Amino acid sequence: MTRSNATRTAVATLVAGTFLSVSACGLGGSGAADVREGRKTGEVLGEITFRTLQLKPKFTAYVQGVIDAFEKKYPGAKVRWEDVPGDGYNEKLVADAQAGALPDVVNLSTDSFQLLGDRGLLADVAGLDPEVAKEYVPGAWEQFKLPGKGQGVYAYPWYVTPEILTYNRELFEKSGLDPAQPPTTVEQFFDYADKIAAASGGRYSAFMADPKGRLPGDWQKMGVPILNGTQDRFVFDTPKAVEWVERMKDLYAKGAMPKESLLKSDDINQLYGGGKLVFGPGSPGFVKDIKQNAPQIYAGTRVAGAVTGKLGHIGIYAQSLGIKKDTKHLDAATEFAKWVTNGPNQVEFSKNATIYPSNAQGLADPRFADRGDGTDAETVARAVGAQQLATAALDANTPVQWTNQVGDAVVREMQKAIQGEQDPKTAVHKAQEAANQLLAKSART
Amino acid sequence: MTPGPARSARARRKALAAMEAETGLVHRKWWIPYLFLAPGLLMVALFSLWPFVNTVVLSLTDAQILRGGTFVGFDNYTRAFADPDFWTAAGNSVLYLVVVVPCLVLLPLALAVLVRAKVPGIGFFRSAFYTPVIASAVVVGLIWQWVLRSDGLVNTVFLRLSIVSEPIPFLTDSAMLLVSAMIVTVWKGLGYYMVFYLAALGNVSPSLHEAAALDGAGPVRRFFSITVPQVKPMMLLVGTLSAISALRVFTEIYILGGESGGPGGGARTLPFLIRQVGLGFSGETGYASALSILLFLLTLVFSLLGRRLSKGDER
């Protein structure tokens, strides 16, 4: 071999070697390996980063005000605020977690909290300050415990949006239903939908068919167990779950739901706002949207407590503030998170947005008990939502094991059954099998 | 002449010096050209080659989004071949290609021939045919959703004219959804490939058409005997490009059929399945990578097929 050939071979080998070794990095990025816990010093000092989810520009003034007040109270602390749009928020969190570059205080949704907490990337805030628990609504505080991790709480609860029931009074009456008697169980909800389908003549529908938005909530409300006692197997293959599919299939065939809503390609706000849907979305924020975009429909919108069925209470879905486990400024980070989530700051936030405080003191504010004269949907929604939150409990939550993949697998079988491509019994059975396979796979890894 | 291994370095240097004196060109080291290529190569290596190699490596592991994996050999590939979802998605991707590619090779050619005509206002039609290309995929999807939904334009017209008694489930039946997405892809691609053909048609000598016309050939005969053979290389290029984009189709199905990919996921294509498997906090990066490699191989097969056809044509 000549020298130049040898050099070329060496260069090629070096390049290939570099590629392979760098590629192999893809295997090593656990993101959570040996994260050392930050230590408290008793002094609120240092610069911390604070990441929020899509709050700019609408809430810039509010958030900046909270930050300024904190920095005024603790002159040694500095907060660097970064706001990230909703699209790609979780992807960015994943990338930052892999790179060990999570912010000191980070806004987390339920799923991102579970994932980061499970991998040991978040500080146990209950362990750092046991007294802080009583500041928050119990249902919200409990939400941030993790299965198998004892009494640890891995994020401060922030704002909450409870589930409520919204419906079009006029269409309710046209369908022969009493607007003063909204449904309280899933079975009753389906009975109402049946009457609506019979009366509508195809001009309007009762509710959206998309199973992803209804499961596992509907099953829980019907008393269907989702997991076994040890939480390591799905056990929802029950006659009650089959009954749910049978009712959905029957109602879909009768036109109680818009055909395309089975695939979630329909916009519920548009349909409800256009007077083509009797039951609107179950979120107080939606009521505000309707007020702005469809004032006529808003005037006839009624609000009631969410359908809770056998559970008797709603689940709680809070945004939270997690503390990076290995933050260099643990005192500043925890004090800041407590500051943002305290009663007065959360009540102030709720005046700017349709959210509810997870803070007990905040939720006790008279603003959340005021129903006005009982005719304004937005005011009633605020009171109903707050009332539901007081008794909200964790068991009505989507379990951690019900991952996106599990949800998708179940939804696919349900869609086939609702369309009549397979019988309901087979659908539930196959859905449970697929869900358990995915669960076993994630348990192995 | 290539220096032989037996030739000494000294003799080689001497020969080079003589060559430099003779030609006036200065001989440089062999790696000099590579130095100039380095910035471009580095970008390709960083943003194309490395991700590709990384995907190959990941496809041999059980990696998840937030957890590095362990080596599992070809388990992910074995799993894919036993996974009915994979076969459905691969079948849909190939079906998409088989239907869409001929449409995108032939229809834009016909369109290009039509808009080449020198008639007043033809510029408007050229622009109009090109508009779908610059429209965002989401806007296109929404327009077609309004057209195709059960209470949409097409169904309303058909029902009013009593052509059908029930709305056609364009968006709620897996097979119909796939057909609807194909229609959107073809509609969106027409203008794009029409521009390719317009360029190719510009190179067809008018004298050929004139001579054929003198010989009594009509427009149809001239199209098949002159236009088509002259633009054949472009047809092959369009075929290859549209085949690659057909195998990568995702947006049309996502917008028309929702995030589940049609009822029961029956209209999912391979990119759709890859996204579903790999996305989210419980995303299986290893398996999604294996599916990506399989999609790459499928694309490679069709690209090579296109290349082979084009070589056959050259011969």
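Across the interface of chain A and chain B, three salt bridges are found by the rule applied in this predicted model. One of the salt bridges joins the side chains of R412(A) and D85(B), with a nitrogen-to-oxygen distance of 3.8 Å. Polar contacts between chain A and chain B amount to eight residue pairs, counted where both residues have pLDDT 80 or more.

On the side of chain A that touches chain B, the elements giving two or more residues are α1 (3-23), α2 (25-28), α4 (89-99), α5 (110-118), α20 (404-418) and α21 (424-444) of chain A; of these, α1(A) gives the most, with seven residues. By residue class, this side of chain A divides into twelve nonpolar, 17 polar and 14 charged residues. The contact as a whole draws 43 residues from chain A and 44 residues from chain B, and the area buried between the two chains is about 3,700 Å², of which carbon and sulfur atoms give 56%.

Within chain B, helix α3 (residues 75-82) packs against helix α4 (residues 84-115) at an angle of about 75°, with the two axes 5 Å apart. Because angles of 65 to 115 degrees count as roughly perpendicular, α3(B) is described as roughly perpendicular to α4(B). The contact between these helices brings A80(B), F81(B) and A82(B) of α3(B) together with P84(B), F86(B) and W87(B) of α4(B), and its residues divide into six nonpolar, no polar and no charged.

Definitions and conventions: Residues numbered from 1 in each chain as written. Chains lettered and ligands numbered in written order. Predicted model: local features only at pLDDT ≥ 70, side-chain atom pairs only at ≥ 80, totals over all residues. Heavy atoms only, no water. Contact = heavy atoms within 4.5 Å. Buried area = accessible area lost by both parts, 1.4 Å probe. Salt bridge = Lys/Arg side-chain N within 4 Å of Asp/Glu carboxyl O. Polar contact = N/O pair within 3.5 Å; in protein donor to acceptor, adjacent residues only side chain to side chain. Helix = DSSP H or I, 4+ residues; strand = E, 2+ residues; numbered from the N terminus. Nonpolar A, V, L, I, M, F, W, Y, C, P; charged D, E, K, R; others polar. Axes fitted to C-alpha atoms, helices over the stretch in contact; angles between N-to-C directions. Parallel < 35°, antiparallel > 145°, perpendicular 65-115°, else oblique.
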